[in-house]
Amino acid sequence: MMNTTMKKPLMKRLRNWTIALIVLIIYVWAFTGFFKNFELKPTALQAAKAIFSGMSHPDWGYVSQPGGEDLLHALLETFNIAVLGTFISAILCVPFAFWAARNMNRYRFVSSAGKIFLSAIRVFPELIMALLFIKAVGLGAFAGVLALGFHSIGMLGKLFGESIEDMDFSAAEALRACGANKFQTLWFAIVPQVMPQFFSYTLYRFEISVRSAAILGMVGAGGIGAPLIFALNAHRWDRVGVILLGIIVMVSIIDLISGAIRKRLV
Amino acid sequence: MNLAKRRVAKLKLSLIILFFILLIWSASKQTGVSLVELFSNLSNMGALLAQMFPPDWSYFNYVTSAMLETIRMAVLGTTFGGIVAIPFALFASRNIVKKGWIAIPFRFVMNLIRTIPELLLAALFVPIFGIGFVSGIFALAVFSFGVIAKLAYESIEAIDKGPLEAMTAVGANKLQWIFLGVIPQVVAPYMSYFLYCFEINVRAATILGYVGAGGIGLYLSRTLGFLQYDRVMSIILYTFVVVLIIDGLSNRIREKLI
């Protein structure tokens, strides 16, 4: 009796062993490649020391300079890019969300196509998107805004679509039953239900967008990324340090505020 | 709701809306948003997109080894990060470490690390480990550590206290308590976060090469530099297919886990 309850059925054991074997093979493959190519450059320690000493003595002079080419202006621009990019995508993603929601389309393949389209947008690298928009509107923050705005549609559309799928339609049905028109049902039953989630997801995306906006400048799309890549290429670690610190402080503050708002929303 | 309360709520709402309008207005002013510029130059962008088609199909073969390297980076980066995350997650949980102040430094480190974008981490590791996928692995490891540790400590704090109290009652020591009481309860969510992070890392790994941290991103930046946009497109398509497959597999496993 004891044995039969302790031992799992043969098929299940076989399956577990196969999974373990597959995982093992993946790791053997990954590690052999790692150790074959792993070599520390003789200069590695020196470089690490230089980076560490530079970062521990940040270039405070860069925080605020006359003329506006300084950390605070660049951070403000990054923030602005994130705000506008999120705003644009929050508006543009609504039709895509309805397209990708299973319960809004009669045929399954329509919503599946919407979902695939949204994941295609998500996979399309933001940096390439930024390069495309730089071709259209030139170097600068506007290209970053557009790149973020379009890229975020992928994620926001997916999240909104999922929250539409999870929606409870009894309130809408009740309103319709007592004679509300389409607009009234939308406004009084559907909008109040999805709004908190909608804002919460938008804020969440905003947190991510701030981080993205911080690196978009590496290809010339405005924000803190441009001075950062210059400092990195010039090995000016003291400046890299102060920029990194600036990014950390800005992102932390935004995360804190946005997290507090999101907690109250949902 | 009485009238005064309703009026206050209305005032609050209009203030919030006003604040948003001001925020967006000032942001668009400072970033130089101009729809005229966008629409008058849309043809430039169209020309670039046109150059991307048809993709260079023969390039797929050429970049396959780089693609495998990208996946390898993601596997190893997630693994290293995930392993380091375990002790941190345990120390950051208030129900494991009874003294509240111990958790604070651990949480601080985790939050600090999560604020740094991966591409930036990679750019910092490249001068140390050299151009190549080792820098990418370390950048991804640091990033995954932040994500997994945070998600894991949140689920550790949400575990069922019952078994733990029972173990304490029969005299289990702290290690037994953790390995037999806490870990079994969080293995499934931990694996799920691990896979979730792996999905993010595959995506991130595809662009890390842009700053020299190995993988397919190296080819991406090279072809962009040489203006070979048909090859750029084939890299993007390749990435798309690989990411879709990995997301699909990982999603199915995660659904089974929870």
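In chain B, 76% of the contacts with a separation of 6 or more join residues 24 or more positions apart. The model is a predicted one. For chain A the corresponding share, again among contacts with a separation of 6 or more, is 71%.

The secondary structure comes next. Chain B contains 11 helices and zero strands, and its pattern along the sequence reads α-α-α-α-α-α-α-α-α-α-α. Chain A likewise has 11 helices and zero strands, in the order α-α-α-α-α-α-α-α-α-α-α.

The overall dimensions can be taken chain by chain. Chain B has a radius of gyration of 24 Å, whereas a compact globule of 258 residues would have one near 18 Å. Along the principal axes, the C-alpha atoms of chain B fill a box of roughly 75 × 65 × 35 Å. Of its 258 residues, 48% are buried. Buried residues account for 44% of the 266 residues in chain A.

The two chains meet in an interface. The size of an interface is often given as the accessible area lost when the parts come together. Here chain B and chain A bury about 5000 Å² between them, and 80% of that area is on carbon and sulfur atoms. Three residues, T31(B), R72(B) and T115(B), supply 12% of the area that chain B buries against chain A, more than any other three residues. By class, the side of chain B that touches chain A has 41 nonpolar, 11 polar and five charged residues. The contact draws 57 residues from chain B and 58 residues from chain A. Zero salt bridges are found across this interface, and two residue pairs are in polar contact there, both at pLDDT 80 or more.

Some single residues deserve a look, beginning with the backbone. Most residues other than glycine have a negative phi. L227(B) has a phi near 60°, a positive value in a residue other than glycine. L227(B) sits in the loop between α10 (216-225) and α11 (229-257) of chain B. Its relative accessibility is 53%, so L227(B) counts as exposed, the cut-off being over 50%.

In chain A, H235(A) also has a positive phi, near 55°, and is a residue other than glycine. The loop that holds H235(A) runs between α10 (225-233) and α11 (237-265) of chain A. With a relative accessible area of 48%, H235(A) is partly exposed.

S234(B) lies in helix α11 of chain B. Is S234(B) buried or exposed? Buried means under 20% relative accessible area, and S234(B) is at 2%, so S234(B) counts as buried. Leaving aside residues up to four places away in sequence, S234(B) touches P55(B), D56(B), Y59(B) and F60(B). With one of these, D56(B), there is a polar contact: the side chain of S234(B) reaches the backbone oxygen of D56(B) at 3.3 Å.

Notes: Residues numbered from 1 in each chain as written. Chains lettered and ligands numbered in written order. Predicted model: local features only at pLDDT ≥ 70, side-chain atom pairs only at ≥ 80, totals over all residues. Heavy atoms only, no water. Contact = heavy atoms within 4.5 Å. Buried area = accessible area lost by both parts, 1.4 Å probe. Salt bridge = Lys/Arg side-chain N within 4 Å of Asp/Glu carboxyl O. Polar contact = N/O pair within 3.5 Å; in protein donor to acceptor, adjacent residues only side chain to side chain. Nonpolar A, V, L, I, M, F, W, Y, C, P; charged D, E, K, R; others polar. Helix = DSSP H or I, 4+ residues; strand = E, 2+ residues; numbered from the N terminus. Rg over C-alpha atoms; globule rule 2.2 N^0.38 Å. Buried < 20%, exposed > 50% of the residue type's maximum accessible area, 1.4 Å probe, protein only.
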